[in-house]
Amino acid sequence: MKLFDVYPINNIVIDKAKGSYVWDDKGEQYLDLYGGHAVISIGHTHPHYVERLTNQLNKVGFYSNSVKMPLQDELAEKLGKLSGKPDYQLFLISSGAEANENALKLASFHNGRKKIIAFKKSFHGRTSLAVAATDNPAIVAPVNQTSNVIFLPFNDVAALEACFKEQGNEISSVIIEGIQGVGGINVASESFLQAIRRLCDQYGAVYIADSVQCGYGRSGQFFSHDYAGVNADIYTMAKGMGNGFPVAGIIIAPHLQARHGMLGTTFGGNHLACAAALAVVEVIEKENLLQNAAEVGQYLMDELKKIPQLQNVRGRGLMIGFDVPEQFKDLRKNLLWKHKIFTGEAKPNVIRLLPSLALRKKDADQLLEAIKEEIEVSIEA
Ligand SMILES: Cc1ncc(COP(=O)(O)O)c(C=O)c1O
C-alpha cells in the first residue's frame, strides 16, 4: 500500500529530539523553530512529560467517557488556574478542527441560530463547519459549502458593526484567531477584539476565540486574546496542549450550559491524553514558560527588526512572522539545508517562527546569525 500523497514533504527522517533540537537518522542536528507546526510547547521529550506518560501507560492508557476520570478533573482544575479562567468548563477532544467544530456547534445549540462571522485569511481546520469558516476555497469541498458563514475583513470594526446592524439577530457566533497563523501572523487588534465582545453581548452572539495555534502561552499570555482585556465565551485549544500527544479542548463560559448527549467523543480526554496535558500544564507553570515566551520572543522580534532586509516583523511572544523580499526568496530553504534550522512558512513569502516556549536566547542568536549570513551571501551574489 502507498501513502495518500497530500503533503509536500522535506526529505528528512527525524530520529531523535530533545528540547529545541531534533536529529535526523544520519545524526545531523537541527534547531527546531517550527515545533512540528506550533505543537512542541515545553520542548521535545521533556523528562517530566516522558515520565508522566510512561507511568500512565503502565497503569491504564485508555478508557472512554463512560466512567469517572479524576485525571480530567485534575486537568480542569490546573488549566483553570493557569489560564486565569477557573469558572469556565472544560470539554476534551483530540484535534484543533474538532475543537472549533464543537465550539461552533455549541454556540448554535445555545442560541438556536445559524450564521457565523469569520474573517479573511482565517484558518480554523478541515472538518465540515471549521473548513466552511476557513477563508480558503481550495480546501472547501462542495459538500462543505454553506451560506451560513459570512467573511469580513480582519481588524475592521466598521465592517463588523455594519454586519451586526444588518443581521445581528441571526448571528450565532463570531470565530477569530487572536493571531492568525496560517494566514501569515496577523495580530488581531485589541480594539477589534473589544468590539467583538461588545457586539456579541449586544446581539446575543457567542465569541469564539480560536486559540489552537496562538494559545497555550505561545503569545506570552495564556491566550493571545487576553491582551485585549476581554473574555471570550469559548476558547478552543489544541497544538501546544499535549506537546505532540493529540489532545485538544474547549473551555466554555459558565452561562453556556451542558446537557447530556449534546457533545461527545470516543478518544477525547482519555487517560493518556490527560497525562500528556497535565505534564504540559505542570511544566509551563514550574518553568515559567509564559514569561520565557514573552521575553525571548520580544528579544527575537527586536533583533529581527534590526535586519533592514526583513519586512513587517510582527507577532507576539514566540509566534513571529516576517516577509521575505523576492531577492532573498531562498532564505527559508537555505536556513534548513545549510544552517540546519527548521522554520515555518505562510504563503506567499512569510517565514513563521513557532518554537518551543522554552527557547533560549542563544538559540534565537543562532537563527539571527544564520539569517544575517544568508542575506550577505545573497547580496554579494
Ligand atoms: C488557528 C487554527 N485553528 C485550527 C487548526 C486545526 O487544527 P488541527 O490540524 O489540529 O485540526 C489549526 C491548524 O493549523 C490552526 O492553526
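Leaving aside neighbours within four places in sequence, arginine 52 is in contact (heavy atoms within 4.5 Å) with Leu71, Glu74, Lys78, Ala275, Leu278, Ala279 and Glu282. The model is predicted: local features need pLDDT of at least 70, side-chain atom pairs count only at pLDDT 80 or more, and totals for chains, interfaces and linings use all residues. Residues are numbered from 1 along each chain as its sequence is written, and side-chain values use heavy atoms, with hydrogens and water left out.

Arginine 52 is part of helix 2 (residues 47-59); helices are DSSP runs of H or I with at least four residues, numbered from the N terminus. The side chains of arginine 52 and glutamate 74 are joined by a polar contact of 3.2 Å. A polar contact is a pair of N or O atoms within 3.5 Å; within protein, one must be able to donate a hydrogen and the other to accept it, and residues adjacent in sequence count only if both atoms are side-chain atoms.

Around the ligand there are 13 residues, of which Gly96, Ala97, Asp210, Gln213 and Lys239 come nearest; a residue is near if one of its heavy atoms lies within 4 Å. The shell around the ligand consists of three nonpolar, seven polar and three charged residues, with Gly counted as polar and Ala as nonpolar. Helix 4 (residues 96-111) gives the most to this shell, namely three residues.

A nitrogen atom of the ligand lies 2.9 Å from a polar side-chain atom of aspartate 210. For glutamine 213, a side-chain N or O atom is 2.8 Å from an oxygen atom of the ligand, and a polar side-chain atom of lysine 239 is 2.9 Å from a ligand oxygen atom. On its own the ligand has 390 Å² of accessible area (Shrake-Rupley method, 1.4 Å probe), of which the protein covers 81%.

Key:
Helices (H or I, at least four residues) and strands (E, at least two) are DSSP runs, numbered from the N terminus.
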